[in-house]
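Open the structure in your viewer and keep the sequence panel beside it. The stops below say what to select next and what is there.

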Amino acid sequence: IVIAVDQMHIRPGSIRPIMAGGQRFLHKLSPLDQVAFIVFPEPGPRVNFTSDKLKLRLAMQGLMGQHPRAIAGQHNIGVTEALSITNRRDQLVLAQVAIRECRSADPMQRAQCERDIVTEASEIARRLREETEESVNGLSLILRQLTTVEGHKSLILLSEGLALEDQNELRRLVSLAGAARTSINVMALDLQRGD
């Protein structure tokens, strides 16, 4: 069993309850189960396959998480809204965000406010693509490394969300998992997420 934590997509404040759940999961396993704990993208704790539950618990407790790369924006734009505005050029979503965010602006300022929203949405989407690529590369590396381990493996992926829109990337991950004889179980965590 491999417990893989996508720290790029877990807010630091969410790490503690997620790892508490991971420790409860460890408690339910057989003493003979071999478990690895991997945090990606690096740096982060890593424990190779072991039956030493104490070693695994200590690694989980030591996980700090990465602080999200903040975007200094003046508008409240969710990830889903940013992707709709940027990737799909969705004018309806843009209008909804503009109504919400530009309501106090006069007509001249409103046009500038809408341009600012498009710029901010583009920056959010760009950052998300970079973070997703970094996480996918980390997961790909784990799967390639698992090809050298004999037998069937189960990988439990812990994440609050990985915005993977490219189906080719998903197919590549599935292919790597097949080559590694690894089934992937995704635990998408939603701890009162705002978006």
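A disulfide here is a pair of cysteine sulfur atoms within 2.5 Å. The model is a predicted one, and it holds 1 disulfide.

**Stop 1: the disulfide**

Select C102 and C113 and show their side chains. The sulfur atoms of C102 and C113 lie 1.9 Å apart, and the two residues form a disulfide. A disulfide is a covalent bond between the sulfur atoms of two cysteines. Now colour by secondary structure. C102 sits in the loop between α4 (91-101) and α5 (107-146), while C113 belongs to helix α5, so the bond ties together parts 11 residues apart in sequence. Are the two cysteines buried or exposed? C102 has a relative accessible area of 2% and is buried; C113, at 9%, is buried as well.

**Stop 2: the whole chain**

Zoom out to the C-alpha trace. Along its principal axes the trace spans about 70 × 35 × 25 Å. The chain has 6 helices and 5 strands, and from the N terminus they follow the order β-α-β-β-α-α-α-α-β-α-β. Of the 195 residues, 39% are buried. If you draw contacts between residues with a separation of 6 or more, 75% of them join residues 24 or more positions apart.

The accessible area is about 11,300 Å², with 54% of it belonging to carbon and sulfur atoms.

**Stop 3: the nonpolar cores**

Select I3, V5, M19, L26, F37, L63 and L158. These residues have the most contacts inside the largest nonpolar core, which has 18 residues. Two or more residues of this core come from each of β1 (2-6), α1 (12-28), β2 (35-40), α2 (53-61) and β4 (153-159). Which element gives the most? That is α1, with 4 residues.

Centre the view on M19. Leaving aside residues up to four places away in sequence, M19 touches V5, F37, M60, L63 and L158. Then select L146, L155, L157 and A177, which are among the 16 residues of a second, separate core.

**Stop 4**

Most residues other than glycine have a negative phi, and most peptide bonds are trans.

- F40 and P41: the peptide bond joining them is cis, with omega about -15°. P41 is in the loop between β2 and β3 (46-50).
- E42 and P43: a cis peptide bond links this pair too, with omega about 5°. P43 is also found in the loop between β2 and β3.
- R89: phi is positive, about 50°, although the residue is not a glycine. R89 is in the loop between α3 (79-87) and α4, and with a relative accessible area of 58% it is exposed.
- R181: phi is near 55°, again a positive value in a residue other than glycine. R181 is in the loop between α6 (167-179) and β5 (182-188). Its relative accessibility of 48% makes R181 partly exposed.

Notes
Residues numbered from 1 in each chain as written. Predicted model: local features only at pLDDT ≥ 70, side-chain atom pairs only at ≥ 80, totals over all residues. Heavy atoms only, no water. Buried < 20%, exposed > 50% of the residue type's maximum accessible area, 1.4 Å probe, protein only. Core = buried A, V, L, I, M, F, W, Y, C linked by side-chain atoms within 4.5 Å. Contact = heavy atoms within 4.5 Å. Areas by Shrake-Rupley, 256 points an atom, 1.4 Å probe, with all protein chains shown as cover.
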